[in-house]
Amino acid sequence: MADKKKLIDPDDDLSSDDDDDIKILDTATSPESTEEPSTSHCQPIGETGNSQHKEGVPSLLTMDAELESEAPPTYESIGYDAGTISANGIANRNENSEPIFHVRSRTAASLAGVPQQEQTQYESLDYDVCENKLFQDEQLSRLRDRFSLRTHIIRWIIFILIGIITAVIACTIDIVIEELSELKYNFLKSSVDDNVTVNESGGDLALPYLWWLLLSAVPVAIGAGMVTYIEPITAGSGIPQVKSYLNGVKIPRIVRVKTLAVKSIGVITSVVGGLAGGKEGPMIHAGAVVAAGISQGKSTTFVKDFHVFKAFRDDHEKRDFVLGGAAAGVSAAFGAPIGGMLFSLEEAASFWNQNLIWRTLIASIISSFTLNIVLSAYHGVSGLTFTGLFNLGKFDHPLTFEYFELPLFMLLGVMGGLMGAAWNFLNTQINKFRSRFVPWRAGKVCEAVLVAILGVTLACAMIYYINDCRPLGNDPTIHPVQLFCEDNEYNAVAALWFQTPEATVRALFHDPPGSHKILTLAVFTIVYYLLSCSTFGLNVSLGVFIPTALVGAAWGRLVAMLLFYMFPETQFLHPGKYALIGAAANLGGVLRMTISLSVILMETTGVETSFFFPLIIALISAKWVGDYFNDGIYDTVIEVNHVPMLPWEPLPQYKGLTAQAILSKPVVCIKLRDRAHYIYEVLHKCNHNGFPVVDDVEGDRRSEGRVCGIILRSQLIVILLRSLYVENQRFWQQETTIQTFRDVYPRYPSIQSVKPLDRKFNYTVDLSMFMNPSPVRVNTYDSVPRIFNIFRALGLRHLLVINNENRIEGIITRRDFIYK
Ligand code: ATP
């Protein structure tokens, strides 16, 4: 059975740069496959317990023996204990140290059984700043020339820039969608008016239907084609990818300019094509890309370095900016600055501090302010009062509620939770089916077009078979279509379909009572529920927020109508109010967010703070009920893709375990002063990204050395590339700074780009100024919940396990928490 891979597409071609050098697996590969993994962490590798080399592979042992005749003929020459590393590079444990549990959690539950080849597809980011000697020198020099203050100011400027540029991109997407949709639906309306004669029984809907098909299929085919063939990472909303990135998982190509371009065009074509999706998720992704791009002051896509913002070129700084970008994206998508900040806090971020609250808020506010200016100017409104900022439409009258309605809101929440959980389950099943039976790229494009055709066909069938005529002027719809209705009437079913999904949500919130038949809303709810379920997961750029709100608004309004039908004397049943509660409940059931959703809904509809209470009641009930059955849709996508997200809390399964149960050993270490050739060979033979630095080593028994730091693979490659050897120290010592390492961030060269050392193989590398001298260490007897908390809170990539004498005992990475 193949799982849907939406985060990373199977058909991706990869370049060899660091951002991309993760082996992306064919997603059609069965997770249950028993094939041997194609990638390994260390070579040469013998079977457990023996030290034979694979034929044809020059053995490290031989090379070391050539290098140092005194080197013993064992794997010790590269720091291994003989025969104790398996083919995948993970240290084999004896029976006693075998982990005795499987991690189960909301995001890690299914990962315990993930095959090894899938475990290697994601690498981690380094959120723990490497405070080495070079870094400390920079800090000192900043103190001296007050550079520190400048850095803070520049950081604020970057957040402001992120807000402005994200808003401009969001406005552009928004305006293009509005204009193209206007053209499309105006044309369809006139086509209907021309071809369907009033009072003629049945009318001829065939030609408008064909036009509608064409105007939907063509944009969807363009969008799906771009996503599939140019940048598959742009499929979907982008929020799960951004969330994973912020948790510390490296998702290749997620924050590239090319990704932004394809995503923007992709979302425009999909929404204009009429697919059941919204632009909000992609806008959040767009904000994240903008943030990552601006904050680094260079573009890897255009190979252009602007030589600015160099101090921010590391994962830690970039992460904070990306968070600000996501907040600005929400703010621009909904016109909801506080909602944007809260969204980042509740849904996106895995790390948080007080400064970040301020920075993300500023990015959000600037974003919504810019949106206001641009949209006001575009619509010719003076005084920055463009009401379109309430993009779900401002309620004219204050929404009030009676206290006896509160249990009703709670029931709606329960219903939203049930419907949301069912939606998430169905969607996951459909996506699994898809990835199994539609693995080819052309098939994916055809599938998107087919779903678009299905949508149009169902809409036409609804319009044709349901007779729902309403007097003109009753409905504020932009495109009233007369269709089979009398003069001075419009077709209420066509009104639901002849506009963008966002406009339909607006209509359901604000249409006056009596705008629809019960049958119309009931059928619309079912059709849109199924359509949105089959759309999320297609190879198109689309978010899930608007279709989910639309389904909720439809059934919320339907509930109000049913209640009114049963109790006609009731006064409180304002259909718009129930549509809003229904939307909140459905969103809570699918997304499982609470605070940010309620604030976003309040900001986008302009309801009073007194209505916060009903909204939060519906949202919390929906979340609790939904959580009983499964995860929110974003977490589900993350889980299905086997992304190693670290959950917020240590899992109950950790209880009573010590580091011994999950660590890997023996550890591949490097001596404080080691031979360049040894380092070169380790990097060639091992895929690990971090190596403890040790001294007090007996002979070559590095894996028993005393820990004095940790060094990253990327740093070692830069050292070799720049020949930073002890023997030629006088040539490089002056000009080598922390910037030397930042300049190649984030796409560090691979070890293949380092020429064989030839005559330099006996040169020495002194790691004391390059390594992180204060790596986080724990003792073998420390409890797993405690070390999980340390690992999670500090955003670590490697955690060293030592004994009482500070000698290395093992190493723990994200994979050890997630997959064991
Ligand atoms: P990441 O992939 O998270 O960026 P990494 O590549 O350094 O970091 P992993 O791929 O997570 O490490 O490691 C795979 C396995 O190898 C894990 O079980 C880990 O504990 C182990 N491991 C990591 N580094 C070393 C090392 N230097 N020596 C021995 N085992 C290691």
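Because the model is predicted, local features were considered where pLDDT is at least 70 and side-chain atom pairs at pLDDT 80 or more, whereas totals for chains, interfaces and linings use all residues. Residues are numbered from 1 along each chain as its sequence is written, and side-chain values use heavy atoms, with hydrogens and water left out.

The protein chain contains 27 helices and 14 strands, these being DSSP runs numbered from the N terminus (helices, H or I, at least four residues; strands, E, at least two). Of its 820 residues, 62% are buried, a term that denotes under 20% relative accessible area, with exposed meaning over 50% and partly exposed in between (1.4 Å probe, protein chains only). The accessible surface of the protein chain amounts to about 32200 Å², and carbon and sulfur atoms account for 60% of this area, as computed by the Shrake-Rupley method with a 1.4 Å probe, where only the protein chains shown count as cover for residues. Among contacts (heavy atoms within 4.5 Å) between residues at least 6 apart in sequence, 79% join residues at least 24 apart.

The ligand is surrounded by 19 residues, of which Ser124, Asn689, His798, Thr813 and Asp816 are the closest; a residue is counted here if one of its heavy atoms lies within 4 Å of the ligand. At least two residues of this shell come from each of strand S1 (123-124), strand S9 (690-695), strand S14 (808-813) and helix H27 (814-818). A polar side-chain atom of Asp816 is placed 2.5 Å from an oxygen atom of the ligand, while an N or O atom in the side chain of Arg815 lies 3.4 Å from a ligand oxygen atom, and a polar side-chain atom of His688 lies 3.4 Å from a ligand nitrogen atom. The protein covers 98% of the 590 Å² of accessible area that the ligand has on its own.

Most residues other than glycine have a negative phi, and most peptide bonds are trans. Phe309, in the loop between strand S4 (304-305) and helix H9 (315-334), has a positive phi near 55° and, at 22% relative accessibility, is partly exposed. Ser723 likewise has a positive phi, of about 55°, but is buried, with a relative accessible area of 15%, in the loop between helix H23 (713-721) and helix H24 (729-732). A cis peptide bond, with omega about 0°, joins Lys665 and Pro666, the latter lying in the loop between helix H21 (633-640) and strand S7 (670-671).

Conventions:
A polar contact is a pair of N or O atoms within 3.5 Å; within protein, one must be able to donate a hydrogen and the other to accept it, and residues adjacent in sequence count only if both atoms are side-chain atoms.
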